Each structure stands twice: as C-alpha cells, then as structure tokens.
Amino acid sequence: MTECAGCGTLLSPKYPWHLCPDCWKEKYGAAPGWNKKDNEFWLNTIVRFELNVLSLMALHGNLCLALRHPDNKGESRGIMIHFVQLVGRKLVELNAITPDQRKEAESGLVVP
Ligand SMILES: [Zn+2]
C-alpha cells in the first residue's frame, strides 16, 4: 500500500496518482489527472506502475534503438536518455544484464 501525499489515506499500489481523489480535487479543483496547464502536475505527479523484468528489458532495448533514430532530436530526448539510463541501472542492479551489456546498449546516446 502507498499513502496519499496529502492526507495519508492508504491507496492501492495500482492507483496511479500521488494524491487521493479528494486531495486532488481540493488541490487542483478537478478529478485526478485533470490539471494539464499546471507545471506542478507535469513535474511532480508521480505515476506508479509495475512491470516484469522481461518488459523492462524490452522497454530499455526499444528506447535505446529509438534514441538512435536520426530524427529523434526533439526536446524530450534528454528526458528519455535520462530515463533509459535509469532503467539500465535498474536492470544491472537486478542482474538482468551486465554492466558491459548496459554500456553497449546505451553507447552513443548523447544528450543534445
Ligand atoms: Zn488524500
């Protein structure tokens, strides 16, 4: 179980927001997820979900390939490189891949 960051109410681990519906409505004046013009929403809303290690490896491998595409040079590139490195570190921590495999997979990924 996780707790609402506002009131401490216990939330299901599958509940995707950091605030319970009541706290979200009190803070943002709308149902959870609906406050898309507020930077706090985009930067501080924590989304929780679960993946098995195989899916995490597929995510890492596919993102590494996508980040090598020559047209992948938008503003989110730096965020995605940071994310893929985070996933790579987790895969090494889980002994799913070796540090050398991570290095090879992430080689050449440069933040613009
Ligand atoms: Zn709450």
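## Exercises on a predicted model

His-18 has 19 C-beta neighbours inside 10 Å, so this residue counts as partly exposed (buried means 20 or more other C-beta atoms within 10 Å, exposed means 12 or fewer, and partly exposed lies in between, with C-beta atoms placed from the backbone). The model is predicted, so local features need pLDDT of at least 70 and side-chain atom pairs count only at pLDDT 80 or more, while totals for chains, interfaces and linings use all residues. Residues are numbered from 1 along each chain as its sequence is written.

**Exercise 1. Where is His-18 found, and which residues does His-18 touch, not counting residues up to four places away in sequence?**

Step 1: Find the element. His-18 sits in the loop between strand S2 (10-11) and helix H1 (21-28); helices (H or I, at least four residues) and strands (E, at least two) are DSSP runs numbered from the N terminus.

Step 2: List the contacts. Not counting residues up to four places away in sequence, His-18 touches Ala-5, Thr-45 and Ile-46 (contact: C-beta atoms, placed from the backbone, within 7 Å).

**Exercise 2. Is Leu-10 buried or exposed?**

Step 1: Locate Leu-10, which is in strand S2.

Step 2: Count neighbours. Leu-10 has 11 other C-beta atoms within 10 Å, so Leu-10 is exposed.

**Exercise 3. How do helices H3 and H4 cross?**

Step 1: Take the axes. Those of H3 (residues 53-66) and H4 (residues 77-93) come within 10 Å and cross at roughly 140° (lines fitted to C-alpha atoms over the stretch in contact, with angles from 0 to 180 degrees between N-to-C directions).

Step 2: Classify the angle. H3 and H4 are therefore oblique to each other (under 35 degrees is roughly parallel, over 145 roughly antiparallel, 65 to 115 roughly perpendicular, and the rest oblique).

Step 3: Name the residues. H3 brings Leu-56, Met-57, Leu-59, His-60, Leu-63 and Cys-64 to the contact, and H4 brings Met-80, Val-84, Val-87, Gly-88, Lys-90 and Leu-91.

**Exercise 4. Which residues form the largest nonpolar core?**

Step 1: List the members. The 6 residues are Leu-63, Cys-64, Val-84, Val-87, Leu-91 and Ile-97 (a nonpolar core is a set of buried Ala, Val, Leu, Ile, Met, Phe, Trp, Tyr and Cys residues joined through C-beta atoms within 7 Å).

Step 2: Assign them. H3 and H4 are the elements that give two or more residues to this core, and H4 gives the most, with 3 residues.

Step 3: Look at Ile-97. Leaving aside neighbours within four places in sequence, Ile-97 is in contact with Leu-91, Val-92 and Arg-102.

Conventions
Contact = placed C-beta atoms within 7 Å.
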